[in-house]
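Good morning, and thank you for coming. I would ask you to look first at the sequence and the structure, and then to follow me through a few selected places.

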Amino acid sequence: MPRSSPEPRACRSSGGREPMPEHLLGRCLTGLLALLLASCASLSPQQRSHAEHIAQAARSTQVDCTRSDACALASPVLQLAQATLAASTPQAPQHRALILDDAPNSLLLRVHLIRSAQHSIDLQTYIFDEDDAAQLILDELQAAAFRGVKVRVLVDQLAALRKVQTFAALASLHANLELRVYNPVLDRARLSLPMYAVAAACCWRQLNQRMHNKLLVVDDQVSITGGRNYQNDYYDWGEDYNFRDRDIMVVGPVVRDMATNFDAFWQSPRSVAVAHLGDVARYLQQHGPPPAPHHPFHNPKRVRALLANVDDGDVVQARFVAPAMPVQHVSFVADLPVKHRKDLLQANADTPAGFASQNLMQLIADAQHDVLLQTPYLVLSKPAQHLFRSLHRQASPPRVQISTNSLAATDAFLAYAVSYKYKRRYLRDFGFQIHEFKPFPADAPFELGQTGADLQLQDEPAQAMDANATEDAQAPADPGNSTLRERRLAKRGLRSDPVSEAGRRSPFSSSGGLPVRLKRAGLRMGLHAKSMVIDDRIGVVGTHNFDPRGDTWNTENAVVIDDPHFAQALAASIQRDMQPANAWTIGRRDSSPILPGVEHTLARISERMPIFDLWPIKYATSYDYTPGPGCPITDQPPSPFAADFRRCNRPVGDFPDVDLGLKWLGVRVFTAFGTGLSPIL
C-alpha cells in the first residue's frame, strides 16, 4: 500500500514539550488550505484528452508472436478446462474445483495460467502492491500483452500500486494492456495519507464504497477467486508476517458467469481508465510516458525458484490437475456495481445491493446441523446477529464453529477490539464455539523455505538491488532518520508493512492497521481466509469477511459448491486452523468468588451500552489445550460448552502472546467507545 509522504518539517510537533509557534501554525493551516484547494482542482477536458493522446501514441502495437495461440505455454490446466467444458451440457454441467491452501502454489498457478493464456486475461483485485509477488505478476501480464493476449486489469483505488509513475507506465505500455481504477475519489489513481484525510472529509460515502472482489479469468475457461490479493504477505513471501489465506480454482461453465461479472465491473462508469485520472494525466503531461514498470526483485533467488516450476508439466499436473475434484452444483454469487447506487436498486430488483450477502446469509439460515465459518475479523452486522440469535433459539440449533484471528495474530487491532466487546454475546446468545488463530501455529500449510526467509539476497547486477540498497535494507534503521511508522514497525518486530484489507490508510492506521507487539519474535501468521461449510454439504470460498463492510459498503464475490466431497475437504482445511496446536479456544471466565451474580450483571449491562462500556472484567477469556494424563494430544478443536472443558484447557488470559504494554488501554478505549466504527471496519 502506498506510504504517506513525510510530514513537512515546519509542521512537526516537538513531542508536546513546547506549543507550536504561531507563524508555524499559520504555515500548517496555509498548507492544509492549499491541499484542500489542490484536491478540488480538476483538469479540463482538453487536458485529459491531451494526456490520453500522449499515452495512446506511446502504446506499442508490436506483437512478438504471429501464431494463433499467441505462443502460449502448453498447459495441463487449460487442457483440463477444455475437456471439462466439452463434457458439459446445459442439463448436466461439469465442473472441477481445487482448494488452494498453499500460498506459493497459488502464486505459481497464477503465473502458469498467465503464460498459458491464448486470448484473454481478466484480473480484478482489491490490493495490488509493487513488491516481489506483485511485480512478478506485472511482468507476466506485460509479457502476455506483447505476445498478443488481451489483458484487462481492474484495481480498487484504495490499495492500488504505490506510485503514479507505475500507473502512467502501464497506461502507455501496449495496446493489448488496459488498466482501470474502480471508484476513484478526488480524481486520483492513488491517495496519499493527507489526500485520504481530505477524501474522508468531503466524500465519506464514496470513499467507503470499495470493490473487494478478487478474480482471475483466463481465456474464459479457468478462474481463481478467494481471499488473496497481489502482495508478498499473501504468498508466504513476507519477511515477518504472512497471511493464512485460501483461494479456489474452478473450471467449467460457471467460469462464464465469473467473466460476465467482471465485464459488468469493467463497463461500469465507476471504472476509470488511468490516463483519464488527474494525477496520472498530469504526470504524462509533465514527464511523458515512463518506461515499462519493473523494480529489481528484493529476493531474486526466491523468484527464480518459483519460476523453475512454471513450465514443468509434471509439477503442474501433480499440484493442480490431479487433485482437482469433480464437483456438482457450482454457482458464483457476486455483487454488481449497482450495490453502490442505491437510487437504482428499485429499478433493478433482480440484482439488489448486498446480493452476495443475502445468498450467504440464506445458506446459514437453512443450516440444519453445522455451520463452520472462517473469517479474519469477527465483527457481525445487525442482520447477521439477528440470524445467529434466531438459529440458537431453535429447539435443535445447529452447531456453529468459528475460526478467526486472535489479537496476537490479527492485522486489524480495531476490528479485534470491537469483536472483543461482544464475546459474551457470541458465546451465550449465539452459541459460537470460537477458536482464535495463534501467531505461531504449530501445524499450518506453511514451509519456511518457500518464504525465501532462508535464501540470501543475491548481489547480481541484472536482478538484485544495488549494493547500497541492499546494505540499507539489511542495516538497522537509524532512529534519528527513521519515520514514526518505521519505529512502530520495529517495535512490533516487523521490517515491512503488511498491506492488509482492514488496515486501510486512515488517521487510525498506526494502531488499527498493524499487528501488535508480541512477547516473542518470529515469522508470524494471521488468518485472512473467508470460507464457510454448511452441514458438511455446501462449501463456500470467496472474498466476504461476513462483516458489516461486506454487507453494505464493499462489493464481494464467492463460489458456492453444493457437493459433500468438496465440503468435507474444505471443512478439513478450516478445522486444521482450529486445532489446539494452532488456535486458542474462547470460553467463559471463572466467576468471581465474591458476588459473582453482581459481577455478571454489571458486565452484561456494560456490554449493552453503545458507549461507556467500561466494566474491566469480560465474560470470556482464552484457553489453551494442555496435553497430559487424561488429556491426549488431539487435533480436534475443543468445545467450550463441554462439561469437562476445563479438565484439559487452561486459561491463558484475554490476549495471549501479546506484549500489551499500554495496548490494553487502546483495547479498552475502542471496546468502550468504538462500536460506532463497526459498520466500516
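Predicted model: local features only at pLDDT ≥ 70, side-chain atom pairs only at ≥ 80, totals over all residues.

Which residues does R110 touch, not counting residues up to four places away in sequence? The residues are I137, L216, I224, R228, Y230, Y235 and D247, where contact means heavy atoms within 4.5 Å. R110 is found in helix α4, residues 103-116. Helices here are DSSP runs of H or I with at least four residues, strands are runs of E with at least two, and both are numbered from the N terminus. R110 counts as buried because its relative accessibility is 3%. Buried means under 20% relative accessible area, exposed means over 50%, and partly exposed lies in between, with a 1.4 Å probe and protein chains only.

Residues are numbered from 1 along each chain as its sequence is written, and side-chain values use heavy atoms, with hydrogens and water left out.

Now the chain as a whole. There are 25 helices and 21 strands. Of its 681 residues, 57% count as buried. Among contacts with a separation of 6 or more, 83% are between residues 24 or more positions apart.

Q124 lies in strand β2, residues 120-128, and counts as buried because its relative accessibility is 1%. Leaving aside residues up to four places away in sequence, Q124 touches L154, M211, N213, K214, L215, F262 and F265. Q124 and V217 are 93 residues apart in sequence, while their C-alpha atoms are 8.9 Å apart in space.

The other position is V149, in the loop between α5 (132-146) and β3 (150-160). V149 has 0% relative accessibility and therefore counts as buried. With the same exclusion of residues up to four places away, V149 touches A70, A117, Q118, H119, S120, I121, A144 and N176. For one of these, H119, the C-alpha distance to V149 is 4.9 Å, across 30 residues of sequence.

Let us turn to a pair of helices. Two packed helices are described by the angle between their axes and the distance between the axes. Helix α2 (residues 45-58) and helix α10 (residues 278-287) pack at an angle of about 65°, with their axes 9 Å apart. Axes are lines fitted to C-alpha atoms, for helices over the stretch in contact, and angles run from 0 to 180 degrees between N-to-C directions. On the α2 side, Q47, R48, H50, A51, I54 and A55 take part, and they meet G278, A281, L284 and Q285 in α10. By class, this contact has five nonpolar, four polar and one charged residues. Ala, Val, Leu, Ile, Met, Phe, Trp, Tyr, Cys and Pro count as nonpolar, Asp, Glu, Lys and Arg as charged, and the others, Gly among them, as polar.

Which residues of α10 are buried? They are G278, D279, V280, A281, Y283 and L284. The buried residues of α10 pack against α2 and also against α6 (164-171). Just after α10, G288 takes a positive phi of about 80°.

L186 has one of about 60°, in the loop between β4 (177-182) and α7 (193-202). D657 has one of about 70°, in the loop between β21 (649-653) and α25 (663-673).

Finally, the empty space. Rolling a probe the size of a water molecule over the atoms shows where empty space is left. Helix α13 (355-365) and helix α14 (382-392) each supply at least two lining residues, and α13 gives the most, with four.
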